[in-house]
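Work through the exercises below with the sequence and the model at hand. Try each task before reading its solution.

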Amino acid sequence: MPTYFFHIRQGKYASSTADGIELADVDAARQEAAMMCSDMARDIVSELDESPEWQMEVTDASGKIVYRLTLLAEVLEDGQRFSVV
């Protein structure tokens with residue numbers, strides 16, 4: 001089974017899964033990333049004021065990016081924030 005690594009960045013903060021996770025294929029890695037993101041959503045959104053972009057990249061064992069999730073908070077003309085996945 002292939003091993004996938006999950007890398008998270010927000011502003012100056014960066015984190016990675018050191019040992020990786022064995023998953024059946026890229027689709028399984030995408031699903032795992034989506035579940036991780038949904039589990040962290042509350043914490044992510046509360047920190048978007050400090051750094052408006054949050055990103056998770058999934059790489060294979062060679063380091064090639066196979067999937068990317070990005071959250072971006074933008075200030076709109078009326079002053080409200082809008083988050084995009």
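The exercises start with the whole chain and then turn to single elements and residues.

This is a predicted model, in which local features need pLDDT of at least 70, side-chain atom pairs count only at pLDDT 80 or more, and totals for chains, interfaces and linings use all residues. Residues are numbered from 1 along each chain as its sequence is written, and side-chain values use heavy atoms, with hydrogens and water left out.

**Exercise 1. The whole chain**

Task: State how many helices and strands there are in the protein, and give their pattern along the sequence.

Solution. Step 1: the protein has one helix and six strands. Helices (H or I, at least four residues) and strands (E, at least two) are DSSP runs, numbered from the N terminus. Step 2: along the sequence they follow the pattern β-β-β-α-β-β-β. Step 3: the C-alpha atoms fill a box of roughly 50 × 25 × 20 Å along the principal axes. Step 4: of the 85 residues, 27% count as buried. Buried means under 20% relative accessible area, exposed over 50%, and partly exposed in between (1.4 Å probe, protein chains only).

**Exercise 2. Confidence**

Task: Find which element has the lowest mean pLDDT and which the highest.

Solution. Step 1: pLDDT is the predictor's confidence in each residue, from 0 to 100. Step 2: the protein averages 86, and 91% of the residues score at least 70. Step 4: where pLDDT is low, the predicted coordinates should not be read in detail.

**Exercise 3. Strand β4 and its partners**

Task: Work out how strand β4 is joined to β5 and to β1.

Solution. Step 1: two strands pair if DSSP finds at least two bridges between them. Step 2: seven bridges join β4 (residues 53-60) to β5 (residues 65-75), and these strands run antiparallel. E57 stands opposite R68 in β5. Step 3: β4 and β5 form a hairpin with four residues between them, and G63 in the turn has a positive phi of about 95 degrees. Step 4: β1 and β4 are also antiparallel, joined by seven bridges, with Y4 opposite D60 in β4. Step 5: seven of the eight residues of β4 are buried, so the strand is mostly covered by the cut-off of under 20%.

**Exercise 4. Helix α1**

Task: Describe the start, the kink and the buried residues of helix α1.

Solution. Step 1: at the start of α1, a side-chain oxygen of D25 reaches to within 3.2 Å of the backbone nitrogen of D27. Step 2: α1 (residues 26-47) has a kink of about 60 degrees centred on A41. The bend at a residue is the angle between axes fitted to the seven residues ending there and the seven starting there. Step 3: the buried residues of α1 are A28, A29, A33, C37 and I44, and their cover includes β1 (3-10), β4 and β5. Step 4: take A29, which counts as buried because its relative accessibility is 0%. Leaving aside neighbours within four places in sequence, A29 is in contact with Y4, F6, L23 and V58.

**Exercise 5. S51 and V75**

Solution. Step 2: the side chain of S51 reaches the backbone nitrogen of G11 at 3.0 Å. Step 4: V75 and M1 are 74 residues apart in sequence and 43 Å apart in space, C-alpha to C-alpha.

Conventions
Contact = heavy atoms within 4.5 Å. Polar contact = N/O pair within 3.5 Å; in protein donor to acceptor, adjacent residues only side chain to side chain.
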